[in-house]
Amino acid sequence: MNQNTASYYQNLITNYKEWLITLNYSKGLIYNDPLMITEFLSWLKDNEITTLQQITPVIIKDYLKHLTTRKHHKENKTLSQSTIRRYYQALKRFACYLNKNELPSFEIPTLQAQKQQNSPVLFTKAEIKILYKATDPTYLGYRDRAMLALCYGCGLRKAEAASLALQDILLTKQQIFVKQGKHYKERYVPIAEKPLQHIREYLQFARPKLMKTATNAFFIGITGKPLDKSALSERFKRLLTVAELNDKKGLHSLRHSIATHLLQNGMPLSQIALFLGHSSLESTQIYTQITKGFTDEERV
């Protein structure tokens, strides 16, 4: 790799990081993704691959195979599967960045999905009511109810909720525009009346009080800065404690719960798949197995 190529890649990484910041990704991802891509580009150099146009799905698979044998930087062990998965996701984001900016990109191969080992942990409908009752009448309580409205009422992933901007909340159409969905898929999500009320109340009564500097982020903290998905998760853990519910249930459990509840209420699986933003019905079919184990009381 000559000096011009090295300089090009360095500028590419800098611009990629700015792109992540613009899209309001979490601080941890903004820090780690450029490091992972830099390591990938260095591996390409070692394997005499000097241009992005040379990258093929086979090369990506070879790199991921290389990661399974690479030693951890701080510990004398190989990388975990979850860490390798983060490298894979970083490569997908980087390829997306290149495509969006009309730069030479590359195809990311689809990895074979791992079988679900355990059924998702769910909240019953009664527990959802308890969560709402556990919110307080403060500004943060309004924000908590908006969080529940989005992650349960609208079935958003926590990363999707954290990345929402004001212009993504289409109140008059009773829709949410999700522009940073999984695999970078965009979708419109309908908002039912009750979640819509909580979202409106947060925007009207709480967010203006929390905002200290101009920002388009939907969720902002007491410092006036946007909240990332980690901050939302921490707030949800606090809510679980107040509600005296199982603290092992994470924010993503709300998404699993609304999908299961909608299926119980008779919504067709195909509509639930669209609601959740699933690429295929295979991802949604897990909920048909979950509902078989529910008692009549849980179906109320």
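The second largest pocket holds about 290 Å³ of space. A pocket here is an open set of points on a 1 Å grid over the protein atoms alone, at which a 1.4 Å probe fits, with protein on both sides within 12 Å along at least five of seven lines. Grid points are joined across faces, edges and corners, and the volume is the space filled by probe spheres set on the points. The pocket is lined by 13 residues, of which K27, K225, P226, L227 and D228 are the closest to its centre; lining residues have an atom within 4 Å of a point. By class, the lining comprises 5 nonpolar, 4 polar and 4 charged residues, where Ala, Val, Leu, Ile, Met, Phe, Trp, Tyr, Cys and Pro count as nonpolar, Asp, Glu, Lys and Arg as charged, and the others, Gly among them, as polar.

The model is predicted, so local features need pLDDT of at least 70 and side-chain atom pairs count only at pLDDT 80 or more, while totals for chains, interfaces and linings use all residues. Residues are numbered from 1 along each chain as its sequence is written, and side-chain values use heavy atoms, with hydrogens and water left out.

A search of the whole structure finds 8 salt bridges, each defined as a side-chain nitrogen of Lys or Arg within 4 Å of a carboxyl oxygen of Asp or Glu. One of them joins E39 and R70, with an N to O distance of 2.7 Å. This pair links distant parts of the chain, 31 residues apart: E39 belongs to helix α2 (residues 27-46), and R70 to the loop between α3 (57-67) and α4 (81-100). Helices (H or I, at least four residues) and strands (E, at least two) are DSSP runs, numbered from the N terminus. R70 is buried, at 11% relative accessible area; buried means under 20%, exposed over 50%, and partly exposed in between (1.4 Å probe, protein chains only).

K179 and D168 form another salt bridge, at 2.6 Å from N to O. K179 is in the loop between β2 (175-178) and β3 (187-190), and D168, 11 residues apart from it, is in the loop between α7 (158-162) and β1 (169-170). D168 is buried, with a relative accessible area of 3%, whereas K179 is partly exposed at 28%. The salt bridge between K237 and E234 spans 3.5 Å from N to O. Both residues lie in helix α9 (residues 229-243), 3 residues apart, or about one turn of the helix. K237 is partly exposed at 46%, as is E234 at 48%. A network of salt bridges links R157, E160 and R187.

The structure holds 0 disulfides, a disulfide being a pair of cysteine sulfur atoms within 2.5 Å. For C154, the nearest cysteine sulfur is that of C151, 9.0 Å away. C154 is buried, with a relative accessible area of 0%.

In helix α11 (residues 269-276), the buried residues are L269, I272, A273, F275 and L276. These residues lie on the same side of α11, because they cover an arc of only 160° around the axis, taken from the directions from the helix axis to the C-beta atoms. Just after α11, G277 has a positive phi of about 80°.

Most residues other than glycine have a negative phi. E48 has a positive phi, near 60°. E48 is in the loop between α2 and α3 and is exposed, at 67% relative accessible area. Phi of Q174 is also positive, near 55°. Q174 lies in the loop between β1 and β2 and is partly exposed at 27%.
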